[in-house]
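Please walk me through this model, stop by stop. I have it open in a viewer and want to know what to select next and what is there.

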Amino acid sequence: MSKIVILGAGISGHVAATNLRRKLSKQHEVVVVSPNSNYQWVPSNIWVGIGRMKSEKILFPLAPLYKKKGIGFKQAKAISFHPEGDTTEPKPYVLSEYVAGNNKGQQEKITYDYLINATGPKLNFEATEGLIPGENKTYSVCTYTHADHAWHGLIDVIQQMKKGKKAKILIGTGHAKSTCQGAAFEYILNVENELRRHKVRDMAEVTWISNEYQLGDFGMDGMLMSYGSMTMKSHEMIEMIFEDRDIKWILGAGVNKIEDGVAHYENLEGEHKSETYDFAMLIPSFSGHGFKAYDKNDNDITEKLFRGFMVVDADYTPKPYEEWSVRDWPETYQNPSYNNIFAPGIAFAPPHSISKPRKSKNGTDITPAPPRTGMPSGITAKLVADNIIDTIKGGKESLHHKGSMGNMGAACIASAGYGLTKGSGVSITTYPIVPDYEKYPKTQGRQLGKTFGEIGLAGHWLKLALHHAFIYKAKMKPFWWLIPE
Amino acid sequence: MTQRISKYQRFKMMNPVIQFFKFIYLSIKIMIVVAGGHGGTRKVN
Ligand SMILES: Cc1cc2nc3c(=O)[nH]c(=O)nc-3n(C[C@H](O)[C@H](O)[C@H](O)COP(=O)(O)OP(=O)(O)OC[C@H]3O[C@@H](n4cnc5c(N)ncnc54)[C@H](O)[C@@H]3O)c2cc1C
């Protein structure tokens, strides 16, 4: 009998838990530890942030589902890792603290045979002075509460524009090393579309600010893609969209301080500049949660488990960009020191960025961190679950399931406006996510047929279809497992 | 110079009938990328 503990109930934690439960008999225990009582389909937060979808539509409570399906659930947050147990507890455990209910504030040593750390990122707003969701006219759409808040901020500005006030809207990244440019990209296009719907577009100046060197970098070093009968660079495609929507852009910008309605940033030229705004949505930097780890005798072994995010089977040897290889990226997401600990989704420490690292003339790193979108988060969680299942069933370690981001495709359907007949979407697929310059030397490390972009109404329908399909899947409705990650 | 979206392209992008077929085409194309599977990069299995 084995006990598998999963930390986090986001895309990767939930995918791991549901697959483990489906494939393992009830004699094995599957326990999810997560501070949020709800599951949320994060990608649809964009629509919550423009007031076109209620947050209730993108979330559901986890406890009733897990109870029905035989998955244990503790509404708690992990605090520290003890992979060898301690002097009183022989089994490995995670020290966790309950955040709700009768035992709120109580701590528990949650023991495990296998541990999946799927705690995603810490939204590190503190890394940028003054970047606080809902303050200084800046907002976030990273969680449904943030997105709700953003909508209230936006409608306020829209009302002011209706009364004749001109407004400046600034959307993008709020730190020199932020990731998730894709989410900000979706939001700016959706906001711009809503301004037109509310007939105030001519009252607004809409600006994209980002740590990317070029538009369309998306933390993935950009891509060469098929677009209709053409082959295009992603920056050309995004430039075309921004020109079409009359969106201005500021690139290579590391935002370092926010004051009421002013974003201060340093650019790659080393200049210190600022941009004023009436409404801003800036993605913070993502960091690890700052977990500590201890051995049996209570010695600090944090560096064996974490380098910000969790250490897995990647090659972390520092090397120059020219020597980066697709083989640096992890395949099984297993911790090299403790083979019963895994970290899929955003929780694993990447070996380096995907985009070429750049410094400003003053030496400030201004480079997008590597994104781990929903699809790779789900795929890596499923393969981790499958390896644990095989190991339990086979009685010996099995790491047969592998999924490097250098040998995995991703589909990114970016909403560009909500509406069944007036909506739009930018559908982009990339293969592989991490460019493989050895395999595809002439096409910027990617396979052209599988790396393509499309713009249009169909993209909106696709995004909406995916919203419903993934919530159906997450609710474990009949045949949910047939829907791929 | 930046490409521009022409009037005809915009018509195609927003026409529900054309986009319905595009929806089917894109769904299949995306499924191919997804179903293309994944694996390691270090050893040939
Ligand atoms: C606005 C937005 C739009 C996006 N749109 C898209 C999109 O269109 N397509 C796409 O593919 N991807 C998109 N993404 C990215 C996608 O949401 C992420 O890739 C995905 O959520 C990562 O999943 P995860 O499970 O690794 O992390 P998360 O979803 O962040 O989940 C982490 C989980 O860990 C829990 N947790 C946190 N701390 C602890 C702790 N101490 N102990 C236990 N549990 C803890 C959290 O409560 C949460 O349940 C978007 C992201 C954002 C922010």
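Select A:Met476. This residue is buried, with a relative accessible area of 6% (buried means under 20% relative accessible area, exposed over 50%, partly exposed in between, with a 1.4 Å probe and protein chains only). A:Met476 sits in the segment after α9 (457-474) of chain A. Helices (H or I, at least four residues) and strands (E, at least two) are DSSP runs, numbered from the N terminus. Check the backbone here: phi of A:Met476 is near 55°, a positive value in a residue other than glycine.

A word on the numbering and the model. Residues count from 1 along each chain as its sequence is written, and chains are lettered from A and ligands numbered from 1 in the order in which they are written. This is a predicted model, in which local features need pLDDT of at least 70, side-chain atom pairs count only at pLDDT 80 or more, and totals for chains, interfaces and linings use all residues; side-chain values use heavy atoms, with hydrogens and water left out.

Go to A:Lys137. Phi is near 65° at A:Lys137, again a positive value in a residue other than glycine. Look for A:Lys137 in the loop between β10 (122-124) and β11 (138-139) of chain A. Is A:Lys137 buried or partly exposed? A:Lys137 counts as partly exposed, at 32% relative accessibility.

**Strand β27**

Now select residues 424-430 of chain A, which are β27. Seven of the seven residues of β27(A) are buried, so the strand is largely enclosed by the rest of the structure. In a regular strand the side chains alternate between the two faces of the sheet. In β27(A), A:Ser424, A:Val426, A:Ile428 and A:Thr430 point one way. A:Gly425, A:Ser427 and A:Thr429 point the other way.

Two strands pair if DSSP finds at least two bridges between them. Strand β26 (residues 410-417) of chain A runs antiparallel to β27(A), joined by seven bridges. β28(A) is also antiparallel to β27(A), with five bridges. Center on A:Val426. A:Ala414 stands opposite A:Val426, and A:Val426 also stands opposite A:Ile455 in β28(A).

Follow the chain back from β27(A) to β26(A). The two form a hairpin with six residues between them. In that turn, A:Gly419 has a positive phi of about 145°.

Then move past the other end of β27(A). Which peptide bond is cis? The one that joins A:Tyr431 and A:Pro432, with omega about -10°. A:Pro432 is in the loop between β27 (424-430) and β28 (452-456) of chain A.

**The four-stranded sheet**

Select β8, β7, β6 and β22 of chain A. They form an open sheet in the order β8-β7-β6-β22, and the pairing is mixed. β8 (107-111) and β22 (292-293) stand at the edges, each with a single partner strand, so one side of each is left without a neighbour in the sheet. Strands of a sheet pair through backbone hydrogen bonds, either parallel or antiparallel. Zoom in on β7 (residues 93-98): this strand and β8(A) pair in the antiparallel sense over five bridges. One bridge to pick out is A:Val94, whose partner in β8(A) is A:Ile110.

Next, click A:Asn340, in the loop between β24 (309-310) and β25 (341-342) of chain A. A:Asn340 is buried, at 15% relative accessible area. Contact means heavy atoms within 4.5 Å. Leaving aside neighbours within four places in sequence, A:Asn340 is in contact with A:Pro92, A:Tyr112, A:Asp113, A:Tyr114 and A:Leu115.

**A lysine in a strand**

Select A:Lys233 in strand β15 (residues 230-233) of chain A. A:Lys233 counts as partly exposed, at 35% relative accessibility. Not counting residues up to four places away in sequence, A:Lys233 touches A:Met223, A:Leu224 and A:Gln444. Draw a distance to A:Val42: the C-alpha atoms of A:Lys233 and A:Val42 are separated by 28 Å, and the two are 191 residues apart along the chain.

**Zoom out**

Show the whole of chain A. There are nine helices and 28 strands. The C-alpha trace spans about 65 × 50 × 45 Å along its principal axes. Of the 485 residues of chain A, 62% count as buried. Residues 24 or more positions apart account for 68% of the contacts with a separation of 6 or more.
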